[in-house]
Amino acid sequence: MSALRPAQDPRPTTAADGRSARLDLDRRTLLRGAGLLGTLTAATAAGGVLAPAHAASAPTEVDPAAYRLTADYTEYTARVEALLEQAGRASVSQVMDDANHERTPATVIDTQVHGFRFATSDENDPDAFPQGIATSRDAVGTAGDGRYDGRQVIAVSFYNNSPKSSRINLIDWDANHPNAYRRILLVEPTGTAEEPSFQDVKIHAGGIAWYGDLLYVADSAAKPGGMRVFDMSRILTTDTGGTKDQIGRVGDTFHAHNYAYVLPQVGTITSAVDEGTEPLVWSTISLDRVTRSIVMTEYRCEDCTDYPMGTTRALRFDFQEGSPTFAASTTASDALEVPLHYLNGVGSHNGRWWFNSSRHKTLDHWPGTGELTTYPWVSWGQSLSYWEDEDGPDLLWSLTEGEGFRAVFAVEQGDYS
């Protein structure tokens with residue numbers, strides 16, 4: 001059984017017929033004791049469903065052959081191995097044992113079953129913004145209650161403006177451990193195998209997907225766009241002394257803006273399109289474990305000057321059979337033109353799709369045919385991650401970006417299908 005820690009204290013509610021609104025009370029009580037279920041609203045617990053805001057036009061399927069990926073997983077290998085030897089290595093479990101920031105319960109949306117907010121130093125930081133989300137359930141599935149290296153964790157990507165950099169917050173989500181998290185800086189190896197170093201990864205980090213050991217991070221800054229790849233089994237330890245501006249090798253030691261841990265890039269995924277096709281804007285990504293693929297979509301505007309305009313597209317790229325890596329060249333397996341704009345989140349599971357429009361505060365679901373169904377959603381909503389569960393309802397995880405209230409939350413996916 002899952003060992004999730006509940007986000008809030010259970011609140012019993014009463015349904016219209018006077019009975020307990022929590023279905024299967026004994027089972028749910030047991031699951032809450034293990035932390036699998038958090039607070040339920042009366043409507044959800046009584047078996048009710050959300051009323052969608054409206055139905056929208058269906059996405060249009062287009063030829064996926066116009067979109068391709070090129071993968072390189074070897075460029076950094078020698079330098080990463082040298083860094084592990086010279087700087088030192090830490091596991092995810094060791095990092096979480098050293099977690100030094102506290103998360104606290106939070107209510108983000110009435111339909112949530114879990115919710116928490118970051119520490120004040122992250123919530124109020126005007127130079128750091130949360131973007132992507134993935135979990136250890138993405139990495140390993142439901143086996144072992146979704147634990148990677150023995151820990152059930154959530155990863156949230158941030159981009160930083162001062163200094164210009166990217167990181168993940170790795171958050172413990174396990175009843176056997178404190179409600180804590182640790183920041184890990186993303187870095188790009190530099191130098192040589194004999195004298196390796198590293199530098200900041202200066203990207204938006206708009207979405208992340210975690211599969212096996214590999215963490216894929218959307219790179220919308222690159223031209224053409226694509227993804228950076230990191231290996232969660234290759235975390236480096238660094239010297240927390242020195243000054244905030246120090247990054248990489250300093251004499252015989254390694255510094256990372258006073259971070260204790262860094263995650264070095266191990267690969268690069270570059271996208272390409274046919275002549276006459278507009279390049280993709282890699283705004284956000286997530287994992288579909290059922291089809292063993294990564295899906296992406298674009299943040300495009302209806303009328304603006306700061307971001308790309310035009311038709312929004314959503315693509316699916318399949319991993320190699322039995323592997324968390326892409327082939328040297330991969331053609332998209334699905335391509336959609338989506339009648340939505342301002343998308344900061346995309347999710348897919350077994351042929352279904354979800355799209356989060358941060359500006360319109362909506363979450364759209366598409367079952368693969370017919371119209372989109374639009375549901376009210378949160379302000380400042382960002383990426384999505386699908387959480388499979390053998391002991392309870394599957395969840396959708398998401399997060400909010402707005403300064404002063406940066407929170408992570410989960411809803412039952414069935415309420416938004």
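What volume does the largest cavity have? In this predicted model, the largest cavity comes to about 40 Å³. Residues are numbered from 1 along each chain as its sequence is written, and side-chain values rest on heavy atoms, with hydrogens and water left out. Because the model is predicted, local features need pLDDT of at least 70 and side-chain atom pairs count only at pLDDT 80 or more, while totals for chains, interfaces and linings use all residues.

The chain holds 6 helices and 31 strands, taken as DSSP runs numbered from the N terminus (helices H or I, at least four residues; strands E, at least two). Of its 417 residues, 57% count as buried, that is, under 20% relative accessible area, with exposed meaning over 50% and partly exposed in between (1.4 Å probe, protein chains only). Among contacts with a separation of 6 or more, 64% join residues 24 or more positions apart, a contact being heavy atoms within 4.5 Å. The accessible surface amounts to about 15,800 Å², and 47% of this belongs to carbon and sulfur atoms (Shrake-Rupley method, 1.4 Å probe; for residues, only the protein chains shown count as cover).

A search of the whole structure gives 2 cavities of 30 Å³ or more. On a 1 Å grid over the protein atoms alone, a cavity is a set of points where a 1.4 Å probe fits but cannot get out, and a pocket is an open set with protein on both sides within 12 Å along at least five of seven lines; lining residues have an atom within 4 Å of a point. Points are joined across faces, edges and corners, and a volume is the space filled by probe spheres set on them. The lining of the largest cavity includes Asp 138, Arg 289, His 349 and Glu 388, and β20 (284-288) and β25 (343-349) each give two or more residues to it. By class, this lining has 2 nonpolar, 2 polar and 4 charged residues (nonpolar: Ala, Val, Leu, Ile, Met, Phe, Trp, Tyr, Cys and Pro; charged: Asp, Glu, Lys and Arg; polar: the others, Gly among them).

The second largest cavity holds about 30 Å³ of space. Its lining residues include Ser 286, Gly 347, Trp 354 and Leu 396, and β20, β25 and β29 (385-387) each contribute two or more. No charged residue takes part here, the lining dividing into 4 nonpolar and 4 polar.

The pockets come next. The largest pocket has a volume of about 630 Å³. Of its 25 lining residues, Gln 131, His 204, Tyr 299, Tyr 307 and Asn 344 lie nearest the centre. The largest share of this lining, 3 residues, comes from β9, and the classes are 8 nonpolar, 12 polar and 5 charged.

The peptide bond from Ser 162 to Pro 163 is cis, with omega near -5°, and Pro 163 sits in the loop between β9 and β10. Asp 145, in the loop between α6 (136-140) and β9, has a positive phi near 60° and is buried at 17% relative accessible area. Asn 350 likewise has a positive phi, near 55°, but counts as exposed at 54% relative accessibility.
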